[in-house]
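Please look at the sequence and the structure before reading on.

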Amino acid sequence: MRQRQVILASGSPRRKELLEQMGLTFQILPSKKEEKQIGETPAQIVEGLSRQKAQDVAEQISSDQALVIGADTIVVCDGQIMGKPHTEEEACQMIGMLQGKTHQVYTGVTVAETERSADGTNKIAYDTFSCCTQVKVFPMDETEIKRYVALGESMDKAGAYGIQGGFGTYVEGIEGDYNNVLGLPISALYQRIKNKIYF
C-alpha cells in the first residue's frame with residue numbers, strides 16, 4: 001500500500017502548515033489561473049473559487065493517480081464579503097467593521113481526484129464542500145485597531161486579520177472549526193479523503 005500523490009493548489013503558508021498537521025506528504029503547486037467569482041451565497045462563492053484552483057492544477061499534472069486540494073477563504077460581516085486589504089487604511093476600515101460584532105468565515109475546499117485511463121486520458125472527479133465558522137470580536141477603539149494593523153499581519157489575509165496572530169487578543173470566541181478560520185478545515189477534509197489517500 002502506498003500513498004497517492006497529494007498536491008496542494010495553494011501557496012498559502014498557513015494551508016501548508018495545516019496539511020502538514022495531517023501527516024501527509026504533499027507537493028505545492030499553486031494555481032495561477034485568474035479566478036472568477038461565481039455563485040450568490042458565500043458558500044457558493046468559496047466553493048466555486050476552490051474548484052477553479054483545483055481544476056487548474058489537476059488539468060496540468062501528468063500523475064497517474066493524484067489528489068489535488070484547492071481552497072479559498074472569505075470573511076463575511078453584515079452580509080458584506082471582505083477580501084484582502086490593499087492598503088493599511090483599508091485594513092483599518094475592515095477591522096473597524098468587525099470590531100464588536102460576530103462575523104462569518106467561509107472556506108471552500110475542492111478535492112480533485114485524477115486517474116489516468118488505459119488510453120492515456122486523464123479522468124478527474126471533483127468533491128467540493130465548504131465550512132462556516134462564527135467569530136465574535138470584542139469592541140476595539142481606534143488606537144487598538146491602528147496598533148493591530150501596524151503589526152503587518154493584515155495585508156495578505158481575508159478580513160485583514162489572522163486569528164493565530166495578534167488579532168487573537170481581540171477574539172471573544174468562535175463557534176465552529178478554528179482551523180477553518182486559518183484557511184483549511186482539516187478535520188472535514190480528512191473525512192473526505194481518508195479512503196482515497198492510500199491504494
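Val111 has Asp127 as its bridge partner in β6. The model is predicted: local features need pLDDT of at least 70, side-chain atom pairs count only at pLDDT 80 or more, and totals for chains, interfaces and linings use all residues. Residues are numbered from 1 along each chain as its sequence is written, and side-chain values use heavy atoms, with hydrogens and water left out.

**Strand β5 and its partners**

- Helices (H or I, at least four residues) and strands (E, at least two) are DSSP runs, numbered from the N terminus.
- Strands β5 and β6 (residues 122-137) pair in the antiparallel sense over 15 bridges; two strands pair if DSSP finds at least two bridges between them.
- Strand β3 (residues 65-77) is also antiparallel to β5, and twelve bridges join them.
- Leu67 has Glu113 as its bridge partner in β5.
- Strand β5 (residues 102-116) is largely enclosed by the rest of the structure, because eleven of its 15 residues are buried.
- Buried means under 20% relative accessible area, exposed over 50%, and partly exposed in between (1.4 Å probe, protein chains only).

**Ser154**

- The loop between α4 (142-149) and β7 (171-175) contains Ser154.
- With a relative accessible area of 1%, Ser154 is buried.
- Apart from neighbours within four places in sequence, Ser154 is in contact (heavy atoms within 4.5 Å) with Pro85, Ala91, Tyr148, Val149 and Ala160.
- A polar atom of the Ser154 side chain lies 2.8 Å from the backbone oxygen of Ala160.
- Met94 is 60 residues from Ser154 in sequence and 9.7 Å away in space, C-alpha to C-alpha.

Technical notes
Polar contact = N/O pair within 3.5 Å; in protein donor to acceptor, adjacent residues only side chain to side chain.
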